[in-house]
Amino acid sequence: MKPLWVQNRKYIGSKHNLLPFIEQVVAERAPEARSLADPFTGSAVVAYHFAARGLTVAAADNLYHNYIAARCFLGGRPGEVRWDRVAELIAHLNRLPPEQGYCWREYGGTYFTPENAGRIDAVREQIARWRQERIIGEQEEAVLLTSLIYAADKVANTCGQYDAFLKHLGAEPYAEDGTHLVDAMVYKPLELGLPQVVESEANRVYCGDADHLIDRMEADVLYLDPPYNSRQYIDNYHVLENIARWEKPRLYGKTRKFARDGLKSAYSRRSTAGAHLTRLIQRARARHILLSYNNEGIIPDEVIRAALEQRGPVELFERRYAIFGNGAGRSGRRPIVERLFYCRVVR
């Protein structure tokens with residue numbers, strides 16, 4: 001069975017390629033650190049990276065599918081999951097025939113091929129039944145749901161986010177002018193893999209807003225990676241969130257979104273982002289604060305510096321790198337500057 005790693009999903013803003021940069025700053029400025037809090041964990045690659053290196057980690061996200069993935073990859077206790085049994089359960093899920101259920105009706109022929117949408121239905125319903133019948137526990141459920149979320153993301157008919165789907169199912173992946181028509185993986189059958197996790201008695205994972213959880217996330221290092229633009233993450237990943245929650249809500253419009261106002265972040269609104277970040281930093285319970293925020297962010301640098309300088313001296317570290325994003329329907333990379341604002345907390 002193929003292994004599944006925390007970075008094996010398409011996630012806007014993932015810091016996987018910047019992990020050596022982040023680790024270097026932590027090693028140089030907080031060499032004594034034994035714990036790290038990550039309240040905007042997203043894809044959880046940063047939290048996982050430091051957990052795998054022996055730090056005690058607290059991670060949180062307001063989106064349920066991100067919470068489930070973080071819980072899977074770093075929230076389990078040693079011995080809590082029998083991995084030989086989980087491998088057998090995943091193999092069983094991979095053999096299930098498609099069902100014409102909720103995903104087939106709502107997403108078949110748009111975000112997924114009808115066959116893969118039906119496979120998602122079959123797998124998700126089976127996981128729900130196993131949990132209801134107590135055949136699996138909460139942590140095993142998190143592992144199986146994460147395997148499904150990653151598998152669905154692999155075969156999704158998108159460019160890496162779900163604000164819209166590509167509209168050329170049945171076509172070749174690219175047109176002659178380079179326009180991305182269909183992801184090359186979209187026609188492959190859904191296949192779940194076995195997550196490769198870090199187990200610890202001490203790690204903690206939460207589902208909720210950073211503003212509400214910050215008082216519970218005391219650590220040597222507070223790593224902040226809030227949204228940096230006005231695109232809401234729930235809009236970008238509403239399909240995966242819907243599959244994870246499995247509440248089967250009514251969907252709207254061509255992009256098939258559900259009512260989601262309660263899942264939108266104040267950090268993606270220009271009118272509120274700066275004030276929320278300032279209050280968060282004021283309440284931070286850490287000896288070191290590290291803030292990732294690239295040069296395209298909606299919070300002005302002077303607001304960030306002013307907030308951090310209330311807690312202690314500030315340094316800025318920069319690294320140029322390329323991200324996907326030359327426009328919808330086209331593949332390519334554009335350069336940006338990732339900045340790490342570091343604050344040694346003294347007050």
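**Burial and helix packing**

Tutor: Helix α7 is largely enclosed by the rest of the structure, because 15 of its 17 residues are buried (under 20% relative accessible area with a 1.4 Å probe, protein chains only; exposed is over 50%, partly exposed in between). This is a predicted model in which local features need pLDDT of at least 70 and side-chain atom pairs count only at pLDDT 80 or more, whereas totals for chains, interfaces and linings use all residues. Residues are numbered from 1 along each chain as its sequence is written, and side-chain values use heavy atoms, without hydrogens and water.

Student: What makes α4 and α7 oblique to each other?

Tutor: Helix α4 (residues 83–95) and helix α7 (residues 138–154) pack at about 40°, with axes 11 Å apart. Angles under 35 degrees count as roughly parallel, over 145 as roughly antiparallel, 65 to 115 as roughly perpendicular and the rest as oblique; α4 and α7 are therefore oblique.

Student: Which residues of α4 and α7 meet?

Tutor: With contact meaning heavy atoms within 4.5 Å, W83, R85, V86, L89, I90 and L93 in α4 meet E140, V143, L144 and S147 in α7.

Student: Why does W246 count as buried?

Tutor: The relative accessibility of W246 is 12%, so W246 counts as buried. This residue is found in the loop between α10 (238–245) and α11 (273–283).

Student: Why does R256 count as buried?

Tutor: R256 has 19% relative accessibility and therefore counts as buried. R256 is also found in the loop between α10 and α11, with a positive phi of about 55° although it is not a glycine.

Notes
Axes fitted to C-alpha atoms, helices over the stretch in contact; angles between N-to-C directions. Helix = DSSP H or I, 4+ residues; strand = E, 2+ residues; numbered from the N terminus.
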